Amino acid sequence: MRTPVNSMGVFGFFVSLFGLVFTLGAISPVGLLISLMALFHPRRGFAVAGVLFGLMGTALIAAIVGTATVAADAYHHYAHEMPQIEQTLAHLDEAIVVIETDRQAKGELPEGVDGNKLVLPITDAWEQSLRYEPEDSGQYAVRSAGPDQQFDTPDDLRMVPTHH
């Protein structure tokens with residue numbers, strides 16, 4: 001007498017294979033689950049093959065979704081954030097010109113509060129005021145809070161004057 005075929009294993013195998021070849025992995029997770037359940041029945045050959053094809057299809061769909069997510073994030077960054085960053089850099093440069101003009105007129109850098117009053121009317125691309133930061137070394141920087149609109153976070157934009 002012939003041992004019965006593991007029909008669940010055969011079905012899981014074909015669903016996994018069909019999902020991998022014809023749907024770029026979209027239905028492979030279904031075939032993977034069916035094949036995993038079929039492993040508990042005798043005659044596991046098709047079930048093992050279904051698990052392997054199901055894993056490959058599931059990995060393929062995960063790679064496609066991951067790539068699309070990274071591409072969408074990169075598009076958002078370059079289409080939306082980069083113009084705002086470039087606009088803010090131009091405003092930071094404008095603030096440095098204001099500070100340097102004041103320094104030349106008075107012969108010294110403004111104190112912290114006075115420097116901040118000078119740059120207060122200048123805003124970044126997110127409509128937030130810039131911040132003047134004098135340093136003990138006699139230098140200074142002008143800072144934007146950046147996209148998150150919170151100062152002293154990693155996305156802040158900071159510019160120091162360059163002397164030619």
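Is Glu133 buried or exposed? In this predicted model, local features need pLDDT of at least 70 and side-chain atom pairs count only at pLDDT 80 or more, while totals for chains, interfaces and linings use all residues. Residues are numbered from 1 along each chain as its sequence is written, and side-chain values use heavy atoms, with hydrogens and water left out.

With a relative accessibility of 14%, Glu133 counts as buried (under 20% relative accessible area; exposed is over 50% and partly exposed in between, with a 1.4 Å probe and protein chains only). Glu133 forms a salt bridge with Arg158, the closest N and O atoms being 3.7 Å apart (a side-chain nitrogen of Lys or Arg within 4 Å of a carboxyl oxygen of Asp or Glu). The pair links distant parts of the chain, as Glu133 sits in strand E1 and Arg158 in strand E3, 25 residues apart (strands are DSSP runs of E, at least two residues, and helices runs of H or I, at least four, numbered from the N terminus). Arg158 itself is partly exposed at 41%. Through shared partners, salt bridges join Arg131, Glu133, Glu135, Arg143, Asp152, Asp156 and Arg158 into one network.

Asp152 also forms a salt bridge with Arg131, with the closest N and O atoms 2.8 Å apart. Asp152 lies in the loop between strands E2 and E3 and Arg131 in strand E1, so this pair ties together parts 21 residues apart in sequence. Asp152 is exposed at 57%, and Arg131 is partly exposed at 22%.

The whole structure holds eight salt bridges.
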